[in-house]
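Please look through the model shown here together with its sequence.

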Amino acid sequence: MATLPVHEFRKGLIRVRIWRKRTSSGIRHTVSVVRLFRKSDVWNESTRFHRDDIPLVQLALDEAHTWIFNQQQTGNS
């Protein structure tokens with residue numbers, strides 16, 4: 001059974017997923033970032049980014065950091 005992300009959002013073609021894992025040290029979050037692209041009629045994901053993707057990746061990672069921080073502050077982690 002696959003584990004689902006606890007939060008997911010997009011900035012343009014950049015998709016961010018946040019995962020939660022319980023460890024002996026407490027709750028840990030990890031983040032995955034992909035760029036969406038279409039080849040023919042099929043949407044695909046890539047972990048490689050173009051120069052023009054970098055500002056969106058930066059904004060997306062900032063939003064992910066803020067979301068994780070807020071979860072920890074409210075005790076929802």
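What follows covers the sheet, the helix across it and one serine.

This is a predicted model, in which local features need pLDDT of at least 70 and side-chain atom pairs count only at pLDDT 80 or more, while totals for chains, interfaces and linings use all residues. Residues are numbered from 1 along each chain as its sequence is written, and side-chain values use heavy atoms, with hydrogens and water left out.

**The sheet**

Four strands make up an open sheet in the order β1-β2-β3-β4, with antiparallel pairing. The edges are taken by β1 (7-11) and β4, each of which has a single partner strand, so one side of each is left without a neighbour in the sheet. On average, and with direction ignored, neighbouring strands of this sheet are turned by 30° against each other. Strands, like helices, are DSSP runs numbered from the N terminus (strands E, at least two residues; helices H or I, at least four), and two strands count as paired if DSSP finds at least two bridges between them.

| Pair | Bridges | Example of bridge partners |
|---|---|---|
| β1 and β2 | Five bridges | Arg-10 with Arg-15 in β2 |
| β2 (residues 14-23) and β3 (residues 26-39) | 10 bridges | Trp-19 with Thr-30 in β3 |

Strands β1 and β2 form a hairpin with two residues between them, and Gly-12 in that turn has a positive phi of about 60°. A hairpin with two residues between its strands is also formed by β2 and β3, and here Ile-18 stands opposite Val-31 in β3.

**The helix**

Helix α1 (residues 54-74) lies across β1, β2 and β3 and runs at about 30° to β2; such angles run from 0 to 180 degrees between N-to-C directions, the axes being lines fitted to C-alpha atoms, for helices over the stretch in contact.

**Ser-46**

Ser-46 belongs to strand β4 (residues 42-46). Is this residue buried or exposed? Ser-46 is buried, with a relative accessible area of 14%, where buried means under 20%, exposed over 50% and partly exposed in between, for a 1.4 Å probe and protein chains only. Apart from neighbours within four places in sequence, Ser-46 is in contact (heavy atoms within 4.5 Å) with Val-34, Arg-35 and Phe-37. A polar atom of the Ser-46 side chain lies 3.0 Å from the backbone nitrogen of Arg-48.

Note on methods: Polar contact = N/O pair within 3.5 Å; in protein donor to acceptor, adjacent residues only side chain to side chain.
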